[in-house]
Amino acid sequence: KKVITQVDTFPGINWFSRNSFVNVVLWLYSRTIGIQILKLSHKVILFHEGLIPIAKKYHLNYHVIHSGVNLNEIQKAKPARDLVRKNHREKRIIFLGRLESVKGYQDYLEVAKKMIRQNRHLKFYLAGDIKHKEDIIKQYASKNLIFCGDGFV
């Protein structure tokens with residue numbers, strides 16, 4: 001049977017954790033098992049061109065298929081009423097992604113907390129699912145920090 005593998009990163013090669021022990025495990029996994037599994041795949045689907053140099057280095061049979069969105073469709077869409085800007089001076093900064101420590105959402109929240117104090121026209125949005133949301137909402141409570149998406153609706 002043909003095996004097709006999809007990757008959006010190569011853990012231990014171009015993607016790393018905030019935990020050094022986890023990074024050692026990722027490095028060992030990539031070089032002992034991970035790359036070998038990819039080499040045995042009939043095709044490795046890459047989600048962006050940035051992965052091509054690594055795929056070439058390890059002689060993978062790859063093809064790039066973008067996992068992006070259709071911008072033409074988005075430009076036609078109208079924003080939800082609660083997202084319509086009421087003040088033309090308002091600036092928005094949005095974090096959209098998996099809310100896990102490796103993605104750095106805590107850094108985003110810390111920066112938001114500081115910047116909100118300096119500029120009342122900044123609005124920070126955090127979209128995605130997260131554990132312990134009540135604790136985070138208490139710690140970063142602000143009318144200029146808006147939690148939305150899975151787990152915050």
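How many bridges join strand E2 (residues 43-46) to E3? I looked this up and found 3 bridges between E2 and E3, which run parallel. Before going on, I note that this is a predicted model, in which local features need pLDDT of at least 70 and side-chain atom pairs count only at pLDDT 80 or more, whereas totals for chains, interfaces and linings use all residues. I also note that residues are numbered from 1 along each chain as its sequence is written, and that side-chain values use heavy atoms, with hydrogens and water left out.

**Entry on the sheet.** I take helices (H or I, at least four residues) and strands (E, at least two) as DSSP runs numbered from the N terminus, and I count two strands as paired if DSSP finds at least two bridges between them. With these terms I find an open sheet of 3 strands, ordered E1-E2-E3, with parallel pairing. E1 and strand E3 (62-64) are at the edges with a single partner strand each, so one side of each has no neighbour in the sheet.

**Entry on the whole chain.** I count 5 helices and 6 strands in the protein chain, and along the sequence they follow the pattern β-α-β-α-β-α-β-α-β-α-β. The C-alpha trace spans about 55 × 40 × 25 Å along its principal axes.

**Entry on salt bridges.** I searched the whole structure for salt bridges (a side-chain nitrogen of Lys or Arg within 4 Å of a carboxyl oxygen of Asp or Glu), and the search gives 2. In one of them the side chains of arginine 18 and aspartate 107 meet at 2.6 Å, N to O. This pair links distant parts of the chain, 89 residues apart, since arginine 18 lies in the loop between strand E1 (4-7) and helix H1 (20-40), and aspartate 107 in helix H4 (residues 105-118).

Are these partners buried or exposed, or in between? I use buried for under 20% relative accessible area, exposed for over 50%, and partly exposed in between (1.4 Å probe, protein chains only). Arginine 18 is partly exposed at 49%, and aspartate 107 is partly exposed at 40%.

I then turned to arginine 92 and glutamate 90, whose side chains meet in a salt bridge at 2.7 Å, N to O. Here arginine 92 is partly exposed at 27%, whereas glutamate 90 is buried at 10%. For the chain overall, I note that 31% of the 153 residues count as buried.
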